[in-house]
Amino acid sequence: MHGKRDRRIGDGCPPGFTVKSRRQDICFLLDHIHGFYKAALDRLPIPSLAPRLLEAGMCIGFLDPVSNIIANTIAYNPSPAPSSTPLRRSDEEETRESILSQIITDTNDKFVFQVPLSRHKAGGMTIARRSLDGLVAFLTSHYRYLADSEALRYLSLAKADLLVAVRLIERDRNKKRNDELAFSTASRATKVALECAAVSAGHPKPGVLVTASVIMASPQADRTVLLAGQDPSLAEFLREGHMSMDRSLDLCGKEKNKKKRKKRDQTSTPTESIEGITAHNNRLGSQTTFRYTQSLKLLLLGKIHGLYLQALAKLPRDGLHKFHHSLLKCGYCYGPRDPVSNIILNTICDADVRKAIRKAKKHGHAQEVCRDSYLKNAYRQAAVASWHSDPDALVTFATSSLNMESAEFLASILQQGTLTDGAVERIAMALPPTKSEEQLNQVVTSSSQVLSQKQIRFISEFRIKFKDDQSFFVKKVNAVLRNYSQQHGVHYELHIICGVNPKVPEGPSVGPPKRNFKFEYSHINFLATAKAPNSAVTAPELFFAQCSNSNKGTRDGPSWCTPVSYSCIDNVRCFSCEFNGSKVVHPHDEEYCGYYKDFILMAHSKHGFKNDHVINYYHFNGDKMATLTEDFIYFDPNMDSKIAEMNPISSVAKELREWEGRIF
């Protein structure tokens, strides 16, 4: 409507992802990468650096792609270094053509279109094709839920410029930390992704590429350390400006150096066109990118998870024991208010909670009921689709209008920090009734009416084990929280444990399953409140803990905890938690089991799983519609008769053995 539309990820490709679209993406990217190498060969002092370029000159890094090739070529210093003899100009031109012929990829080879390349074929591929594998590996290692095919689409839109692809993903995922987009070239997660990229691309010394990329991306770093023990002429080569060292583009699309770039040579290269795209916010700012449904769904689940963590922080510590069942049963994030308030109100509005805390005094609640049949139908459809226990009650609550006094009270109290038990009672009394007294007092179904004797025994034993496991994790969390409090001179009190993955191995998750369900560590999220000297109420903070699973203190591995940001929900990787579908928020600046070894082995193609497998496992384990642990803990004969039918118990002992591990 206002000028030419910007190119999108799916443009020029068949709908969805097909073999044809993969070939198109790879051919398109290789054309650009070949152009980068042609430009790099024009700048490099050939032939002295030619062997290095063919081995380690990947276009991976955070400068423009041509400069990345040059930086990685110079940084790699094989031992012993190959000797170089000055050549006549005609011989030098012939050498350049010879080198370029070893870089250009033959697209008639069907194995070129494998992503990632198979281990037995990767060594025979050109540096250009291996660089492409490295670019894909960086994106899929750094970002959760990013499939290989989607990474190819982002790289195609970015024309094989890694930093542009990163910026597109960051913007699509709306990643921010401290009012800045989350990506940092110096972060631990970025360094792991760089190493994965170098390994996947077949770099002979992956650590060299990581160091070079981080140093070259930092204006304050001393870049001469890359040249230690090398030919002094290379330092002069750097000073001559053969690389774009000043690519100080932030991920918001603005150049930190606001001075106009000097006009470059008239000879246009693919690099120049890419820099033109990245430097102008009006180009990238209006683009619409294609997202795969699965990755979008998992990202949305992560956002929703963050909303529930915020709601847990607002509910009172003691009240959470009463509300936990209602939160699981009815605490949906949709309704007439903001999502966090909806979670709280839907939880409190549950009939069981209302019955427990309602007073004898009667209040006038609803003045009028919304007559919009479309709105009522929308809430009903949402309630049915989300398996709400009482869709009629939700429709009544969501479409009822409060009197002015009650509405103002709710608005003011929900804006506060953590609610008190008294505030929750006042909210419950201010909400409109969703059931009559007769409905509230109706006779409940007995468990014996829907459960067999074996099922009753199993649920009883299951609940006992859950309580024991709950006590185990509370003990572990209190221990690490006590240590943290002593180290920082602030007393913290546990608010609630809000996420546990008890299946974290000390090493990589390869080989057969752990025998007897034994795993060395658990990853735990919990909320804790700092007790200020003046008794002021402070909001609970979110913590991450890595705790030993040992029952004996003498065998405990190192256990610790640290505060984490809600913004880290989808910004930080952990193989064990993703594989098990555990929604645990991890710290972005700490080392923990699962953050490194598995991803490096996957880059080496020595792991039992690939990137797409991890995404599928997380989707299956984290978003499955089946009988859950909570269904046994909070079995309700009025609601769960179908669960009883679907889970006949032939042997209580056998069923309990299936839950030999921790019940979380």
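Let's start at Leu-139. Leaving out residues up to four places away in sequence, Leu-139 touches Leu-146, Ala-151, Leu-155, Leu-162, Ala-165, Val-166 and Ile-169. Contact here is heavy atoms within 4.5 Å.

A word on the model. It is predicted, so local features need pLDDT of at least 70 and side-chain atom pairs pLDDT 80 or more, while totals for chains, interfaces and linings use all residues. Residues count from 1 along each chain as its sequence is written, and side-chain values use heavy atoms, without hydrogens or water.

Now the cores. Leu-139 is among the residues with the most contacts inside the largest nonpolar core, as are Ile-33, Ile-60, Leu-132 and Phe-138. That core has 62 residues. Helix α1, residues 19-43, gives the largest share, nine residues. A second, separate core has 52 residues, including Leu-315 and Val-572. By core I mean buried Ala, Val, Leu, Ile, Met, Phe, Trp, Tyr and Cys joined through side-chain atoms within 4.5 Å. Buried is under 20% relative accessible area, with a 1.4 Å probe and protein chains only.

Next, the sheet. It is open, four strands, antiparallel, in the order β5-β6-β7-β8. Strands are DSSP E runs of at least two residues; helices are H or I runs of at least four. Pairing takes at least two DSSP bridges. β5 and β8 are the edges. Nine bridges join β5 to β6, with Ile-497 partnered by Phe-526. Eight join β6 to β7, where Leu-527 stands opposite Leu-542. In β5, ten of 13 residues are buried.

Last, helix α14, residues 293-314. It lies across β5, β6 and β7, at about 145° to β5. Axes are fitted to C-alpha atoms, for helices over the stretch in contact, with angles from 0 to 180 degrees between N-to-C directions.

Technical notes:
Buried < 20%, exposed > 50% of the residue type's maximum accessible area, 1.4 Å probe, protein only.
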